[in-house]
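Subject: Structure handover

Hello,

Here is the structure we spoke about, with my notes on its charged residues below. Please read them with the coordinates open.

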Amino acid sequence: MIADDDEKWLAAATAAVKQNAFYMQRAIDSNNLKDALKFSAQMLGELRTSKLSPHKYYELYIRASDELRSLEMFFRDETARGCSIAELYELVQHAGNILPRLYLLCTIGSVYIKSKDVAAKDILKDLVEMCRAVQHPLRGLFLRSYLAQVTRDKLPSIGSELEGDTETHMDALEFVLQNFTEMNKLWVRMQHQGPTREKEKREKERNELRDLVMTVGKNLHILGQLEGVDLVVYRDTVLPRILEQVVNCKDELAQCYLMDCIIQVFPDDFHLQTLDVLLGACPQLQPSVDIKTVLSGLMERLSNYAASSVEALPNFLQVDAFSKLNHAIGKVVEAQVDLPASSSVTLYLFLLKFTLHVHSDRLDYVDQVLGSCVSQLSATGKLCDDKASKQIVAFLSAPLEKFNDVVTILKLTNYPRVMEYLDHDTNKAMAIIIIQSILKNDTRIATADEVDALFELIKGLIKDFDGLTDNDEIDEEDFQEEQNSVARLVHFLYNDDPEEMPKIIFRIRKHILTGGPKRLPLTIPPLVFSALKLIRRMRGGDENPFGDDTSTPQKILQLLTETVEVLADASASELALRLYLQCAQAANDCELETVAYEFFTKAYLLYEEEISDSKAQVTALRLIIGTLQRMRVFNVENRDILTHKATGYSAKLLKKPDQCRAVYECAHLYWAEEGENLKDGERVVLCLKRAQKIADAVQKMANASRGASSTGSVSLYVELLNKYLYFLEKGNPQVTGETIQSLAELIRSETKKAESGAGTFITSTLRYMEFQRQQEDGGMSEKYQKIKMEWFE
Amino acid sequence: MVLVLALGDLHVPHRAADLPPKFKSMLVPGKIQHIICTGNLCIKEIHDYLKTICPDLHIVRGEFDEDARYPDTKTLTIGQFKLGLCHGHQVIPWGDLDSLAMLQRQLDVDILVTGHTHQFTAYKHEGGVVINPGSATGAYSSINQDVNPSFVLMDIDGLRVVVYVYELIDGEVKVDKIDFKKASTSTSAP
């Protein structure tokens, strides 16, 4: 109902405005001043209406004021033609009603100013006072808006041609301030008027009024452009007057908007120098004002100011901007008891960003901000609130992104305290962010104490949360990724110094061992390899006679024994076995025979007791053989014991082909290249013969059950043949031509039995043998000449 | 011209955090037709990363690989060449050229690619060519005391393969290349 009426009235009024404007224009075109005035007054009469809502009135106003432009031009032309302005000024006052009269006065007044016949100040003063006659809030507001608009380009603003002297500047200033003051008062009155209006209507109008507050703010924009408003004038005149208005109007909407206006319109340097005053006004504002937005806006501007002009930085220190802002925020947060946690964190976030921009060298300031936030959070207790958590993450990420150096973050004593306020999942997410910063920036964490501090921050990832095992809830893949991140991190915890690095290793170990059986298989390996690298470096360096106990390879290896043991207990036996073998090799390189033997013993124990899957056994055994084959540190007895056991395991593998292969690989255990007494030709052949027996058994089984693939076991014979050739070439005197011949014949006969052909392996082997025979270098071909071979196929 | 990337023994995250940045910036998706990997990645993230460089990815199992489903050996044909792939911890003695030659005969391939020693090698013997791309991350090795990050790019063109090896030494990427030619299209060695 109401809307329809509104539309109707607006339509009617607009039509009337249009019509009068048309006649006014016609009068202008025929230089008929009298008629022009008559019709313009009639047109402006439409603005006397009380029937329209603020938005609609605004539309009407725009129309009318638009039309007044041509009138203004007409007045200018008239004066150019010789008409006296003073007379015109007189004439327009004959208009019947106040409102049209005043609109016309403003119009002619602006022309008057331009003419410079009379002091601008007098006219301006006149106009701004006369407008007082219209006390109706809506109409008065728009009238003054028109006044501001029409005089704007006649004021001595920066870059205009009307520069003038200080006095002129002050007059203009005074004019704008007064207009602003009056408009603000009118607007505020609009908010609280009319108890007679229906509630609905009022609500709607309140919303529309929100938009109109911009007309008030426009004056501040004009002020911002005025020539002559330097810091002193701003500080002594402009700001106090504006703030007085802002505070006294006691209207939440106006206060919020105007504070923001002040901050956006005036230069940052001014704000810096009047920080006290500006911040001092904040507690005086209505409690319902969203101070957070105001202060955030201010801090953001100041941050950008600091970021963009290095010369300004000393000023920040000089006015002690940081403490003032910190203090102001503290007061706001204290005063607004109901402020939600996310809002107070946001405030601190902006302060933090400010601090990082302006005082990035002052870690103590940064820590202070963190501390203030902690105090605030402790007052509200632990948060489950998503919004607040998000803000805290942004809060904690800000210094990370600024410094790109986690080592700096570790110096902030309050940082871990802030993290305490995150719920478990977010805490872990934050820990990942920290780790990623290290990985991305290649940050080195170089002392044991820094390692401790870092693990304190990421403890959510390192161990279960306060007795709760949330293992059931977490996604398996996510968990692995998490722990892999921790694993990657270990490689950045490093120091070249041979005294510090062992300390680091010990510390890492201490933290990782709290992780529990699910984490250990993922986090222990990188620790082990980091330690092995250290041992290698230690070997390379000089013996340090003053070094303490921790800095010997032996001590580190001892630590590793105890560490890998933990893995074995956590049922990661295959991994533990591999790590024991790695450690054994390191011990070998350090010439620590007993230690190396110990590692082998442990590996063998695991093999016997924990590795039961046949495939796993095959691989594990292959690794044992490969490692043992390279060991040089053992005396004959120890070596024999270990070799004997390995051969024993080989013969007992589940599947016969696997047995065969493992046994012939054991032959290598009796033959080492580097001279020494490790070339036992007999035992080599014994192994190969033993393997052959197993191959025979396989062949028998295959022949017995016709359908089975017999080429499989022929392959075993070919492999053995190749092994014999290997040792022949190495000069094992026990490998005779006859042995090889008979094996070759065996292969031939077995292949004939099989349905399929000889297979490529035998072909390539034979080809190789022929090739070696033809070798020009006598040694090789001599050996091969020993073999009488008949070719088949 | 077919480009084949050969790399392995990354040992992420056990022994290294990631590939060197200089290598990562060189390994751009879309330029390589095949990837053959000697194993010991060790985690799925690395598998996925390699897949983004080239979807035709062949991997064999290293002793530290998390995924137990990779095969122990693999053979494939690219152009005129038969390639064989095996991590190498299965071949004893580790790194022994003659034992590797035996494996090559067994797989009947022109080019055998293995790893485990973290040492780049490329050599020709009676049975063909053996290539070890080393460790792409320069990971610690009990076998090799002084490891530099390295990988291999093979350019297979008809009967010829050019092997480019990229090594990161003192922060700089050094490139070397070796030419190999096959005698004929038969599968027997030159």
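**Charged patches on the surface**

Asp478(A) has a relative accessible area of 43% and is therefore partly exposed, as the range for that class runs between 20% and 50%. The residue sits in helix H25 of chain A, which covers residues 476-490. On the surface, Asp478(A) gathers with Asp475(A), Glu477(A) and Glu481(A) in a patch of negative charge.

Please keep in mind that this is a predicted model. Its scores are ipTM 0.95 and pTM 0.84. For chain B, the mean pLDDT is 93, and 97% of the residues in that chain reach 70 or more.

There is also a patch of positive charge on the surface, made up of Lys652(A), Lys689(A), Arg690(A) and Lys693(A). Of these residues, Arg690(A) is placed in helix H34 of chain A, residues 681-704. Its relative accessibility is 40%, so Arg690(A) counts as partly exposed.

**Salt bridges**

How many salt bridges are there over all chains? The count comes to 44. A few of them are described here.

In chain A, the side chains of Glu174(A) and Arg241(A) form a salt bridge, with an N to O distance of 2.9 Å. This pair links distant parts of the chain: Glu174(A) belongs to helix H8 (residues 166-192) and Arg241(A) to helix H10 (residues 231-249), and the two are 67 residues apart. Glu174(A) counts as partly exposed because its relative accessibility is 35%. Arg241(A), with a relative accessible area of 25%, is partly exposed as well.

Another salt bridge in chain A joins Glu562(A) to Arg509(A), where the closest N and O atoms are 3.9 Å apart. For a distance cut-off, note that the nitrogen has to lie within 4 Å of the carboxyl oxygen. Glu562(A) is in helix H28 (residues 553-569) and Arg509(A) is in helix H26 (residues 500-512), so this pair ties together parts of the chain that are 53 residues apart in sequence.

Chain B has a salt bridge between Asp18(B) and Lys24(B), with the closest N and O atoms 2.7 Å apart. Asp18(B) counts as partly exposed because its relative accessibility is 31%. Lys24(B) has a relative accessibility of 31% and counts as partly exposed too. Back in chain A, salt bridges that share partners connect Glu72(A), Arg76(A), Asp153(A) and Lys154(A) in one network.

**A buried residue in chain B**

Val60(B) is located in the loop between strand E3 (57-59) and strand E4 (73-78) of chain B. Because its relative accessibility is 0%, Val60(B) counts as buried. From Val60(B) to Ala122(B), the C-alpha to C-alpha distance in space is 19 Å, and the two residues are 62 residues apart in sequence.

Regards

Terms used. Residues numbered from 1 in each chain as written. Chains lettered and ligands numbered in written order. Predicted model: local features only at pLDDT ≥ 70, side-chain atom pairs only at ≥ 80, totals over all residues. Heavy atoms only, no water. pLDDT = per-residue confidence, 0-100. Patch = residues over 30% accessible without salt bridge, like charges linked within 9 Å, V, L, I, M, F, W, Y side chains within 5 Å. Areas by Shrake-Rupley, 256 points an atom, 1.4 Å probe, with all protein chains shown as cover. Lys, Arg positive; Asp, Glu negative; His and termini not counted. Charge placed at Lys NZ, Arg CZ, Asp CG, Glu CD. Helix = DSSP H or I, 4+ residues; strand = E, 2+ residues; numbered from the N terminus. Buried < 20%, exposed > 50% of the residue type's maximum accessible area, 1.4 Å probe, protein only.
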